Amino acid sequence: MEAFRIVGGARLAGEVRVTGAKNSVLKLMAAALLAEGTTVLHEVPHILDVEYMAELLRRLGCVVVHDVPTRTVSITVPEVPFHKADYDLVRKLRASINVLGPLLARCGEADVALPGGDAIGSRGLDMHVAGLERLGATVRSEHGFLIATRAERLHGATVWLDFPSVGATENLLMASVLAKGTTVIDNAAREPEIVDVCGLLLSMGAQIDGVGTSTLEIEGVESLAPAEHTTVPDRLVAGTWAVAATMTRGDVTVRNARADHLEIALDKLVRAGALVDELDDGIRVRCYDRPRAVDVVTLPYPGFPTDLQPQFIALNSIARGAAMVTENLFEARFRFVNEMVRLGADVRTDGHHAMVRGKQSLSGAPVEAADIRAGAGLVLAGLVADGVTMVFEPHHVDRGYEGFVADLVRLGADVARVSVNELA
Ligand code: UD1
């Protein structure tokens, strides 16, 4: 059994650099399926989810080479990829569902195992399915697989999403770039990672208007060509460092971070008392006093990101005053609050609201990470807790944070990854 062992009390100071975004690169890798030949991606993080996606693409017949030192992944896609994504990989990587659109467009069929619920909620696929059906696909669920087929080429259509779902927008985008005619995706998600996927698709020869807006208009083309692309920096990892700097009253420069992708979160930190400087190639976040509690309401981009919600609960738990945190995307994301309470935090939830009353200090304890961001939030809490905090199930954090422990140590934290004898 492994854990992060954190001795609280250190002030984080120094520099870190973020790589490309996990939530973008997984989709960029899926998008490579849309063209025969070799697509090359740069700034690819060395994290578990990338390895899972590489393995999935290999099973679909691609040759995937991940050159870790240069952060480059090259994906060579055959003329006709296989079209089946099995449960053993899909259960590890929910983003596997992103091969649905490209495989359907390229192969005429996609059999993708249904992902189980993540630890953060049920995460439906209804909008993916309804959208693909509007483009002419037939979709059925059989023996744990979602099976999408098309008789002929997909055809353009207008799709109105009930909610700006990131995954559904991406799947429909990737299916429609090779469809016949014009597709309009209305109420589309407009996260920076979607803009990034559009960037790769445009380089491959796709025709997309309205990039970065909530109405995407796609004129389908006959075929796409492989391309080379640099992944957008990870705003969620950058945001995690910014919160860590504020909580520890530290001074951290995050290189390669894009302040324009973190506007609401950085504004919250300024209101909490941090000083935020936008640099040419990143951000510097400093805090000299105990932070003030700040209200947070998660919403699709450009609203406050749900993936920074646990980190802000951690911040509020040691802040001056009280704040309300409202979670509008994933109902189970507050499960991690129970672990925060183990650390002495005063947090009460009621439905999708959490009232956090800041305390002078937290008290180190063993806790468990249920998902990537909950894990990050608990590590941040451990940094300011008295004594030793053990965060178990650290593999969740590995899914999204490259070299997390090494970066924390470089910034002055007393953190190590340890193996723990279960019976000890
Ligand atoms: C992506 C991100 C995740 C982030 C989330 C919201 C990746 C790999 N993951 O997840 O880190 O927290 O965006 O920013 O990029 N929904 C439905 N039906 C659907 C689709 C979605 O009900 O067909 C619901 C989900 O259950 C959830 C909400 O819509 O409550 C948001 O989901 P979505 O935006 O699709 O998130 P993901 O793409 O799964």
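**Salt bridges and the ligand shell in a predicted model**

In this predicted model, Glu 15 forms a salt bridge with Arg 255, the closest N and O atoms being 2.9 Å apart, where a salt bridge is a side-chain nitrogen of Lys or Arg within 4 Å of a carboxyl oxygen of Asp or Glu. Glu 15 belongs to strand E2 (residues 13–17) and Arg 255 to strand E15 (residues 251–255), so the pair ties together parts that are 240 residues apart in sequence; helices (H or I, at least four residues) and strands (E, at least two) are DSSP runs, numbered from the N terminus. Glu 15 is partly exposed at 43% relative accessibility, and Arg 255 is likewise partly exposed, at 25%, given that buried means under 20% relative accessible area, exposed over 50% and partly exposed in between (1.4 Å probe, protein chains only). Residues are numbered from 1 along each chain as its sequence is written, and side-chain values use heavy atoms, with hydrogens and water left out. Because the model is predicted, local features need pLDDT of at least 70 and side-chain atom pairs count only at pLDDT 80 or more, whereas totals for chains, interfaces and linings use all residues.

Across the whole structure, 23 salt bridges are found. Another of them joins Glu 402 to Arg 71, with the closest N and O atoms 2.9 Å apart. Glu 402 lies in the loop between helix H13 (395–398) and helix H14 (404–410), and Arg 71 in the loop between strand E4 (63–67) and strand E5 (72–77), so this pair ties together parts that are 331 residues apart in sequence. Glu 402 is partly exposed, with a relative accessible area of 26%, and Arg 71 is partly exposed at 23%. Within helix H14, Asp 407 and Arg 410 are three residues apart, about one turn of the helix, and form a salt bridge whose closest N and O atoms are 2.7 Å apart. Asp 407 counts as buried at 11% relative accessibility, whereas Arg 410 is exposed, with a relative accessible area of 53%.

The ligand is surrounded by 18 residues, of which the closest are Lys 27, Asp 126, Ser 165, Asp 307 and Leu 329, a residue being near if one of its heavy atoms lies within 4 Å. Polar contacts are pairs of N or O atoms within 3.5 Å; within protein, one must be able to donate a hydrogen and the other to accept it, and residues adjacent in sequence count only if both atoms are side-chain atoms. A polar side-chain atom of Asp 126 lies 2.6 Å from a nitrogen atom of the ligand, while oxygen of the ligand is found 3.2 Å from a polar backbone atom of Gly 124 and 2.8 Å from one of Val 166. Helix H1 (22–31), helix H5 (126–134) and helix H6 (166–176) each give two or more residues to the shell, with H5 giving the most, three residues. Domain 1 (2–18 + 233–423) and domain 2 (22–230) both contribute to this shell, so the ligand lies between them, the domain bounds coming from an automatic or database domain assignment.

Helix H6 is mostly covered, with ten of its eleven residues buried, including Gly 167, Glu 170 and Asn 171. Ser 165 caps the N-terminal end of H6, a side-chain oxygen lying 3.5 Å from the backbone nitrogen of Gly 167.
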